[in-house]
Amino acid sequence: MKKNRWYLRLLTLLVLCGALNVTISAAAEAGSSGDPLVTLSYLNETFMDSIMERVDQKIEARNAQLGVSTGTAASTFAVVTLTSGQVLTGDVGCEVMLRVGTAACVSPSTPGLIDESAAATLNNGGALVQNHLYMMTVEGRGVRATAATTKLLVRGSYTVS
């Protein structure tokens, strides 16, 4: 009977050692490439930023491939001061608002400028109304200063000549 107990004790000891070995091995592998441990803060702070950066790069590459412009030049208004006779010519979508002085529409054809405030059009030579917002919807449209000092708020791409 003593022999059976000796084998039983040895067998129990071997099973406990095996179980302990498996537990330690499993604990040592947590967080490795074989068994990754991911926290919510990692997902929110690191992983999402890298994914969003990759998405932005893919969108920019696709837009460049399609020829779509993603410039941000038209996001805010800039104050532009003109002297009498100077002409501000805006790209399509450029918006202007007369704040100081007087100005007239410059346009080789109809329509000239779109008066967004009055929901009307302004043709070549027509006077701009102060505090009305005008948009260039066709290339070659602009505003000529008719006062010594004319101040405009401009949003979008433009040139002054």
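Modeller: A salt bridge is a side-chain nitrogen of Lys or Arg within 4 Å of a carboxyl oxygen of Asp or Glu. This is a predicted model, where local features need pLDDT of at least 70 and side-chain atom pairs count only at pLDDT 80 or more, while totals for chains, interfaces and linings use all residues. Residues are numbered from 1 along each chain as its sequence is written, and side-chain values use heavy atoms, with hydrogens and water left out.

The structure holds 1 salt bridge. The partners are Glu-95 and Arg-155, whose closest N and O atoms are 2.6 Å apart. Glu-95 belongs to strand β3 (residues 95–100) and Arg-155 to strand β9 (residues 149–155), so the contact ties together parts that are 60 residues apart in sequence. Helices (H or I, at least four residues) and strands (E, at least two) are DSSP runs, numbered from the N terminus.

The two partners also have their own accessibility values. Glu-95 is buried, at a relative accessible area of 9%, and Arg-155 is partly exposed, at 23%. Buried means under 20% relative accessible area, exposed over 50%, and partly exposed in between (1.4 Å probe, protein chains only).

Now for some surroundings in the sequence. Strand β2 (residues 87–90) is joined by 3 bridges to strand β8 (residues 142–145), and the two run antiparallel. Another 3 bridges join β2 to strand β10 (residues 158–160), also in antiparallel fashion. Two strands pair if DSSP finds at least two bridges between them.

The loop between β5 and β6 (120–122) contains Ala-119. Ala-119 is not a glycine, yet its phi is positive, at about 55 degrees; Ala-119 is exposed, with 73% relative accessibility. A positive phi, near 70 degrees, is also found in Asn-131, again a residue other than glycine. Asn-131 lies in the loop between β6 and β7 (133–135) and is partly exposed, with a relative accessible area of 42%.

To return to the request: the salt bridge is formed by Glu-95 and Arg-155, with Glu-95 in β3 and Arg-155 in β9.
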